[in-house]
Amino acid sequence: MKFNNVLSEAMIDDLKIRKVEKVVMKKYNDENVSSSEEAYEISKEYGMPLHVDMSLYYTYLKYKDFLFSDQGIDIVKEYDVFSKENEKMTRRVLLEYIEKNYVGKTIYNNDGITGLVEFWESVNVMVDEGMGPAVYVSMPVNGTYTDSDGRTFSGNDVNFGGSVNCNIIPWTTKDGKQRMGYDFIAYSEESFNDWQQNVKKNGNYDIVVTGYLSSSALPKPKNYSEDEIKRYCDRWVMIQQRIIHKAAPILLSYKDYVEEGDSIFTESTKRSGKK
């Protein structure tokens, strides 16, 4: 038996959920809510945690056309936070967590290399533009560097500066697959970038390391609960640490080159073990 797509208020009253949750679910029905964004706006009216609201919303979508059994219904606890419908909301939730818990904090500090989590725009702009956090990486270097054009640089011009830019949520390829990648980009054009191209000759200029994450590296949140968001963001931070650690030998090789006073015609020997 169906109720012509109308969810009976009596049925809602019999559900084993809090009174405010019953009120919210009735409001979904009264306003014919059809998107997670609409549900989110309603949750804010009642001061309801986003995860609780989304659980109610997906429960409403699942059961709104059907008569509830005598045993009641199971509240939906898992949903696709990376769906097209939820993508902007998920980005906002993740960015707000990282802003509160990680922005301005050093997450990597080893061998003189530090990594600091930064937002270059407000959360609202980042959500609208599909942006993610960045980890600013720096390393002081003492010495002078003579580039391939014979120009000599010292001081701040030879220090390393760059950023790790890693997707916070997947992007979808043309064939429908979801992927996540990262680029570790160097800003030191006069020194490090020139060194990569003309001394290291590794085929790179401003890219230190780049790559994609495996599907198992960062399992998506099952929902918007605090535990799931924390688990996801903490693991994202751990991945940034591993990316910097992976790149550390390259940065340290550059540092040795400058601090030992080598030129483009000699080879750095400190870390190679040569004497």
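The dialogue below goes through a helix, salt bridges, cysteines and a pocket.

Biologist: What should I know before starting?

Modeller: This is a predicted model, in which local features need pLDDT of at least 70 and side-chain atom pairs count only at pLDDT 80 or more, while totals for chains, interfaces and linings use all residues. Residues are numbered from 1 along each chain as its sequence is written, and side-chain values use heavy atoms, with hydrogens and water left out.

Biologist: What span should helix α2 have, and how far apart are its end C-alpha atoms?

Modeller: Helices are DSSP runs of H or I with at least four residues, strands are runs of E with at least two, and both are numbered from the N terminus. The expected span of a helix is 1.5 Å times one less than its number of residues. Helix α2 covers residues 19-30, and its 12 residues should span 16 Å; the end C-alpha atoms are 16 Å apart, in agreement. After α2 comes Asn 32, with a positive phi near 50°.

Biologist: Which residues of α2 are buried?

Modeller: Buried means under 20% relative accessible area, exposed means over 50%, and partly exposed lies in between (1.4 Å probe, protein chains only). In α2 the buried residues include Glu 21, Val 24, Met 25, Lys 27 and Tyr 28. Lys 27 counts as buried because its relative accessibility is 18%.

Biologist: How many salt bridges are there in the whole structure?

Modeller: A salt bridge is a side-chain nitrogen of Lys or Arg within 4 Å of a carboxyl oxygen of Asp or Glu. The search finds 9. One of them joins Lys 27 and Glu 45, at 2.7 Å from N to O. This pair links distant parts of the chain, with Lys 27 in helix α2 and Glu 45 in helix α3 (residues 36-45), 18 residues apart. Glu 45 is exposed, at 52% relative accessibility.

Biologist: Where do Glu 87 and Arg 91 lie?

Modeller: An α-helix has 3.6 residues a turn, so residues three or four places apart point the same way. Glu 87 and Arg 91 are both in helix α5, 4 residues apart, or about one turn. Their side chains form a salt bridge at 3.9 Å, N to O. Arg 91 is buried at 8% relative accessibility, and Glu 87 is partly exposed at 32%.

Biologist: Which parts does the salt bridge of Lys 88 tie together?

Modeller: Lys 88 meets Asp 128 at 3.6 Å, N to O. Lys 88 is in helix α5 and Asp 128 is in helix α6 (residues 123-129), so the bridge ties together parts 40 residues apart in sequence. Lys 88 is partly exposed at 44% relative accessible area, whereas Asp 128 is exposed at 55% relative accessibility. Elsewhere, salt bridges with shared partners join Lys 27, Glu 31 and Glu 45 into one network.

Biologist: How many disulfides does the search find?

Modeller: A disulfide is a pair of cysteine sulfur atoms within 2.5 Å. The search of the whole structure finds 0. Cys 166 is buried at 4% relative accessible area, and Cys 233 is buried at 0% relative accessibility.

Biologist: Which element gives the largest share of the lining of the largest pocket?

Modeller: Rolling a probe the size of a water molecule over the atoms shows where empty space is left. The answer here is α5, with 7 residues. By class, the lining has 8 nonpolar residues (Ala, Val, Leu, Ile, Met, Phe, Trp, Tyr, Cys and Pro), 6 charged (Asp, Glu, Lys and Arg) and 3 polar (the others, Gly among them).
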